[in-house]
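Please keep the sequence and the model in view while working through the numbered points.

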Amino acid sequence: RMRVIGVGLAMLLVTTGIAWAGTSEDAAKQGKKLTEANAVYHELVTSADRAVPKQLLERCQCVAVLPGVIKAAIGYGARHGSGVMTCRKANGWSSPAFVNLSGGSVGFQLGAESTDLVLFFMNDRGARSLVNGSRVTLGGKASIAAGPFGRSGEAATNLELKSEIYSYARSKGLFAGLSLEGARLAPNPTDIVNYYGRGVTYNQLLFGSGPKTRPAEAQTFITALP
């Protein structure tokens with residue numbers, strides 16, 4: 001009987017070890033996503049030839065970065081990708097929350113491509129709309145426009161930021177403004193739990209106190225923001 005119990009305990013430890021390893025691997029994947037997001041954002045804002053206006057960087061309330069969004073099409077196209085979002089708080093930028101992007105595209109197409117996306121939210125209304133796990137349709141209640149370029153003094157002074165969201169995309173090494181009408185943004189609770197642990201929610205990360213300790217990749221990402 002003791003032998004059976006011993007075997008059972010050994011199996012339990014092995015199973016638990018596998019679960020822990022899986023959790024660790026999942027957290028590493030999300031950490032890599034944050035590292036990739038940091039690289040995409042840095043390349044966008046430091047671009048010498050097509051710079052994001054300083055006024056937009058200073059006035060935006062939330063930023064979402066989605067590296068490697070896949071757009072595939074045979075006939076009608078579809079997009080899918082994941083990334084991170086952070087919002088300004090009184091004491092600085094919030095701990096980044098993980099989000100998903102999905103949505104169709106209109107018109108006959110053929111082929112596939114990977115695109116890095118950066119979304120600047122000029123207020124936090126769109127981000128707060130995701131608190132209950134719902135999706136926000138870009139271009140619906142949340143107006144979205146292709147992001148402007150130019151960081152000269154005149155451009156920064158005269159820039160009219162009337163849209164709620166401005167989007168930029170990098171494909172084949174070059175950034176360009178992109179309108180994502182019809183795409184849907186939603187929280188990714190699975191990735192949030194995998195990275196921060198159980199009991200941490202999208203709402204807590206962006207608008208609450210956040211986790212007690214902030215992982216290194218998350219801290220590096222928000223440090224890059226203005």
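Predicted model: local features only at pLDDT ≥ 70, side-chain atom pairs only at ≥ 80, totals over all residues.

1. Helix α7 covers residues 216-223, and its buried residues are Ala218, Phe221 and Ile222. Seen down the axis of α7, these buried residues fall within an arc of 90°, so they line one face of the helix. The arc is that of the directions from the helix axis to the C-beta atoms. Ala216 and Thr223, on the other side of α7, are exposed. Here buried means under 20% relative accessible area, exposed over 50%, and partly exposed in between (1.4 Å probe, protein chains only). Helices (H or I, at least four residues) and strands (E, at least two) are DSSP runs, numbered from the N terminus.

2. Residues are numbered from 1 along each chain as its sequence is written, and side-chain values use heavy atoms, with hydrogens and water left out.

3. The largest nonpolar core has 57 residues. Such a core is a set of buried Ala, Val, Leu, Ile, Met, Phe, Trp, Tyr and Cys residues joined through side-chain atoms within 4.5 Å. Among the residues with the most contacts inside it are Tyr41, Met85 and Phe120.

4. The structure holds six aromatic pairs. Rings of Phe, Tyr and Trp (its six-membered ring) pair if their centres lie within 6.5 Å; planes under 30 degrees apart count as stacked, over 60 as edge-to-face and the rest as tilted. The rings of Tyr41 and Phe120 have centres 6.3 Å apart and planes at 55°, so this pair is tilted. Because Tyr41 lies in helix α1 (residues 2-45) and Phe120 in strand β3 (residues 97-121), the pair ties together parts that are 79 residues apart in sequence.

5. How are the rings of Phe120 and Tyr168 arranged? Their centres are 5.8 Å apart and their planes at 90°, so the pair is edge-to-face. Both Phe120 and Tyr168 are buried. Ring pairs link Tyr41, Phe120, Phe149 and Tyr168 into a cluster.

6. Strand β6 is mostly covered, with six of its seven residues buried. Three bridges join β6 to strand β5 (residues 144-146), and these two run parallel. Four bridges join β6 to strand β7 (residues 174-177), and this pair runs antiparallel. Two strands pair if DSSP finds at least two bridges between them.
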